[in-house]
Amino acid sequence: MTPQFLFFCLAIVAITAALGMLIARSPVSSALWLILNLFCVAGLYLTMNAQFLAVVQVLVYAGAIMVLFLFVIMLLNVAALPSVRDIDWRLGVGFVLGVALLAQLSYAIASSTDLMPAEVSLESTVATGSVEVVAKELFTRFAMPLEMIGVLLLAATIGAVLLARRVSPK
Amino acid sequence: MLQTFFPLFLQLLMAGGLALTLLLGAKYLGPKRPNLIKRQVYESGMDPVGSAHQRYSVKFYLVAMIFIVFDVEVVFLYPWAVTFKDFIAAGSGLGVLAVILPFIAILAIGLLYDIKKGGLDFDS
Amino acid sequence: MEIPVDWYLALSAILFLLGVIGVLFRRNVIIILMSIELMLNAVNISLVALSQATGDVSGQILVFFVMSVAAAEAAVGLAIVIAIFRNKLSVDVNDFNLFKH
């Protein structure tokens, strides 16, 4: 099993899952397709030697965020969900904009072959992504951003509690 | 490199294969003779009443949301726990502690706020 | 490894595009939020790919921060959805025109 073959398998499943998320009628199956997509992305991280990131991807995205999504879908009334997908002018505009974006991105990728440094030392990339390497950077160079993430999560907690709590009548 | 993760792939394959085998086996191998009585929801002999799609309480959402926040916190604590000894050996243990303790304290404020607002109160 | 970084960037672009299409097409606000998560993931792929290609681990650290932001975004976004659903009894974005009068 060569890495290229593995990459193509994961990429095809990831794209299929993303498409499935887009066209699934029930939001629950949409969420399940997205979970498959997130697992494929975790596999892609493994092919890039980002082991810890792959574990975190499964832990945070598939384990926590998607659980929250499924929770909210269950929380809301199923009968109130829009049943029919509308195909109106937005479909045309969205398609044109999407194709334009794809053309732009592929042009940027195709024309940026000199983006990479000419010489990449393989020795340094092999160890990339293990817990030790990540921790060493995280707690020295990125200490301040880490505190900012703490503040952001605090703000999210307070905001979500305030928004979701039922306002009790006095 | 990827050979290291071969057992992981094997495990995923076995887990998925087992689930698929069991589901498909139950679907195609078992005899199916459904009738009206069999297809009813089992409610201890009573006729089923109402819809199964009931709305959950928002309190569950608050618990799930707190879970997400602390899940992300654990993701940042995990590399700290693994490498703290190395940091101490390198003489920068206190510096790393000064990074991680405010981080925990900030998130603890959120938990205290949630408790004070009654977000984790299930009785009321 | 032998996989060129361009492949990862191309996959990232395709997934990002699918996310954009999801935001533009779907009316269900929960699926729109999921499409945003898909776009964040596409960006994460390109970040990790470039981090590996340049041998610099800081791109991966950035992905951790993006994941935290995604978690916070999902928590607050879904709380807003719940709050609006209470008043409007709908998750259709066409019903969310709160600033119109």
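**Reading helices and a chain contact**

Reply: Welcome! From the N terminus on, the elements of chain A run α-α-α-α-α-α-α. Please keep in mind that this is a predicted model.

Me: How many helices and how many strands does chain A have?

Reply: Count the elements by type: chain A has 7 helices and 0 strands.

Me: And what percentage of chain A is buried?

Reply: A residue is called buried if 20 or more other C-beta atoms lie within 10 Å of its own. In chain A, which has 170 residues, 35% are buried.

Me: How many residues does each chain bring to the contact between A and B?

Reply: Chain A brings 42 residues and chain B brings 35. On the chain A side, helices 1, 2, 3, 6 and 7 each supply at least two residues.

Me: Which helix of chain A gives the most to that side?

Reply: Helix 7 does, with 13 residues.

Me: Now for chain B. What span should helix 3 of chain B have?

Reply: The expected span is 1.5 Å times one less than the number of residues. Helix 3 of chain B covers residues 58-89, which is 32 residues, so the helix should span 46 Å; its end C-alpha atoms are 47 Å apart, which agrees.

Me: Where is the kink in helix 3 of chain B centred?

Reply: Look at Thr83(B): the kink there is about 55 degrees.

Key: Residues are numbered from 1 along each chain as its sequence is written. Chains are lettered from A and ligands numbered from 1 in the order in which they are written. This is a predicted model: local features need pLDDT of at least 70, side-chain atom pairs count only at pLDDT 80 or more; totals for chains, interfaces and linings use all residues. Two residues are in contact if their C-beta atoms, placed from the backbone, lie within 7 Å. Helices (H or I, at least four residues) and strands (E, at least two) are DSSP runs, numbered from the N terminus. The bend at a residue is the angle between axes fitted to the seven residues ending there and the seven starting there. A residue is buried if 20 or more other C-beta atoms lie within 10 Å of its own, exposed if 12 or fewer, and partly exposed in between; C-beta atoms are placed from the backbone.
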